[in-house]
Amino acid sequence: MSKNIIFLVHGVGRHGEGWAFGEGGPVKALTDAANRYDGFSVEDPLTNSIEFVEIRYDDIFDRILSRWAELADGLANLPEAAPEAIAAVGQRLTEVDDPDNWYAAQAMDVGFYKAFKLVRRLVQLRVASRIMKTISENTGSDTKRYGVIAHSLGTTVAHDAIHRMGTTAWLSNAEEALNALNESRVEDPVEPAEMEAAIRRFGRKPFSPGRFRFDAVFMISNTSRLLHRDTPTPGDSIVRPSFSKPESSPKNACSRFFNVDHVLDPVSKIRRFRAEEVWPHSASRKNAKDLFNIKHVHDVNVHSLSHYLTHPLVHREIFSTFAPHRFSFDDFMWAKERASAGGDFPQWGERYLDEDKQEKLRAAYGRFHLDPEHQEYGALLLAMPKLFEDLKALFESVGPGA
């Protein structure tokens with residue numbers, strides 16, 4: 001029996017091969033969460049029903065960073081560069097190959113993606129090619145549902161990649177499409193026959209709305225409204241749920257859209273995306289949801305993807321969509337009760353029951369919030385070093401894994 005498929009798209013930072021499946025990763029977080037419900041167990045885990053496909057693109061940034069010394073002069077002269085911001089960035093990157101270089105591993109991902117069209121193209125094609133290849137390989141099987149869980153910068157990357165997938169006439173210039181895809185797959189090139197077979201299974205625009213649709217897209221700590229550049233504004237692109245517009249023509253790339261934000265997470269507050277406001281028709285039918293009442297603190301890094309996924313209001317939507325035969329309506333309702341007052345999923349984890357520590361964390365995260373309607377990405381880049389350094393100091397002060 002084929003499994004439903006969920007693509008996992010990471011955020012900023014360094015993510016090696018297997019990032020999604022290791023200890024502390026999102027697959028482990030979801031598998032452990034599922035075992036709290038009757039339909040799952042250690043012997044019959046969530047992964048028997050859902051195939052998780054990790055997508056990695058951070059190595060593209062790493063290759064650029066490793067060549068920073070020779071690229072530094074040219075970066076400031078590129079048309080889309082922000083000279084003041086890039087100059088400040090350059091001063092920070094004195095040891096770009098140092099694995100402990102917090103800023104290089106975090107903020108520069110955002111800077112490169114936002115500022116440089118070539119980088120965006122490579123990243124988007126990497127993500128799109130992995131999704132298209134996987135779907136084409138499963139065409140004709142009894143796999144029925146596909147989804148995306150994207151995190152932080154990955155929400156922007158996923159938004160842009162999905163829009164390009166659904167609006168590109170891949171067969172109009174197959175050779176150019178093949179070359180472009182291979183630019184992003186240096187270590188795993190696409191064979192011409194493989195590419196041709198994949199796209200011909202779907203037609204000239206194989207992933208356009210009406211031909212293909214994700215069952216659900218989960219945007220965790222959504223940055224797409226702030227960081228997108230070449231695609232339509234989030235809300236106006238095809239990355240929208242069913243009933244997003246009054247007209248009947250299918251223009252939506254997904255059936256349901258979940259927008260998830262932790263109350264303390266500073267990353268997604270800048271130019272915050274609000275799905276229910278943008279798509280009121282979808283919201284009235286529960287096809288668009290803003291899950292903004294996520295406020296648990298079970299780890300000091302509330303921005304972590306795995307930390308988000310442990311919350312019952314988040315993972316219940318994933319289980320009910322992609323493993324509905326194992327996650328009953330009673331389970332769905334119990335998940336809500338678990339996060340309610342007196343439930344077995346309290347707001348504060350065992351390590352944070354001390355009220356002084358709770359206040360310290362609230363105050364620390366409160367200092368990180370930038371202008372919610374921040375418009376200038378150059379100014380954002382200048383602010384990010386301090387933001388990440390403060391976050392690192394907070395994590396270290398509380399202790400690893402605290």
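**Entry 1: Asp59**

I began with Asp59, which sits in helix H2, residues 58-66. I was working on a predicted model, and I keep that in mind for every entry. Is Asp59 buried or exposed? I found Asp59 buried, with a relative accessible area of 10%; the cut-off for buried is under 20%. Next I looked for a partner of the Asp59 side chain. There is a polar contact with the side chain of Arg126, at 2.9 Å.

**Entry 2: helix H1**

I moved to helix H1, residues 26-34. Seven of its nine residues are buried, so I noted H1 as largely enclosed by the rest of the structure. I listed the buried ones as Pro26, Val27, Ala29, Leu30, Thr31, Ala33 and Ala34. What do these buried residues pack against? I traced them to strand S1 (4-9), strand S2 (50-55), S3, helix H13 (305-309) and H14.

**Entry 3: H1 against H14**

I then took one of those neighbours, H14, which covers residues 312-322. The axes of H1 and H14 come within 11 Å and cross at roughly 85°. Angles of 65 to 115 degrees count as roughly perpendicular, so I recorded H1 as roughly perpendicular to H14. Which residues make the contact? On the H1 side I wrote down Leu30, Ala33 and Ala34, and on the H14 side His315, Ile318 and Phe319. Sorted by class, this contact has five nonpolar residues, one polar and no charged ones.

**Entry 4: Arg145**

I looked up Arg145 in the loop between H6 and strand S3 (146-151). At 29% relative accessibility, Arg145 counts as partly exposed.

**Entry 5: the nonpolar cores**

I turned to the largest nonpolar core, which has 51 residues. Which members touch the most others? They are Phe7, Val148, Phe214 and Phe257. Helix H6, residues 117-138, gives this core its largest share, eight residues. Beyond four places in sequence, Phe257 touches residues including Val217, Met219, Val239, Pro241, Phe273, Ala275, Trp279 and Ala288. Its list also has Asn222, Asn287 and Lys289. I found a second, separate core of 33 residues, with Leu8, Leu46, Ile50 and Phe332 among them.

Last, I looked at backbone angles.

Phe243 is not a glycine, but its phi is positive, at about 65°. I placed Phe243 in the loop between helix H10 (224-227) and strand S5 (254-262). At 46% relative accessibility, Phe243 counts as partly exposed.

Lys286 also has a positive phi, near 65°. Where does Lys286 lie? I located Lys286 in the loop between helix H12 (280-284) and strand S6 (288-294). With 53% relative accessibility, Lys286 counts as exposed, the cut-off being over 50%.

How values were computed
Residues are numbered from 1 along each chain as its sequence is written. This is a predicted model: local features need pLDDT of at least 70, side-chain atom pairs count only at pLDDT 80 or more; totals for chains, interfaces and linings use all residues. Side-chain values use heavy atoms; hydrogens and water are left out. Axes are lines fitted to C-alpha atoms, for helices over the stretch in contact, and angles run from 0 to 180 degrees between N-to-C directions. Helices (H or I, at least four residues) and strands (E, at least two) are DSSP runs, numbered from the N terminus. Angles under 35 degrees count as roughly parallel, over 145 as roughly antiparallel, 65 to 115 as roughly perpendicular and the rest as oblique. Contact means heavy atoms within 4.5 Å. Ala, Val, Leu, Ile, Met, Phe, Trp, Tyr, Cys and Pro count as nonpolar, Asp, Glu, Lys and Arg as charged, and the others, Gly among them, as polar. Buried means under 20% relative accessible area, exposed over 50%, partly exposed in between (1.4 Å probe, protein chains only). A polar contact is a pair of N or O atoms within 3.5 Å; within protein, one must be able to donate a hydrogen and the other to accept it, and residues adjacent in sequence count only if both atoms are side-chain atoms. A nonpolar core is a set of buried Ala, Val, Leu, Ile, Met, Phe, Trp, Tyr and Cys residues joined through side-chain atoms within 4.5 Å.
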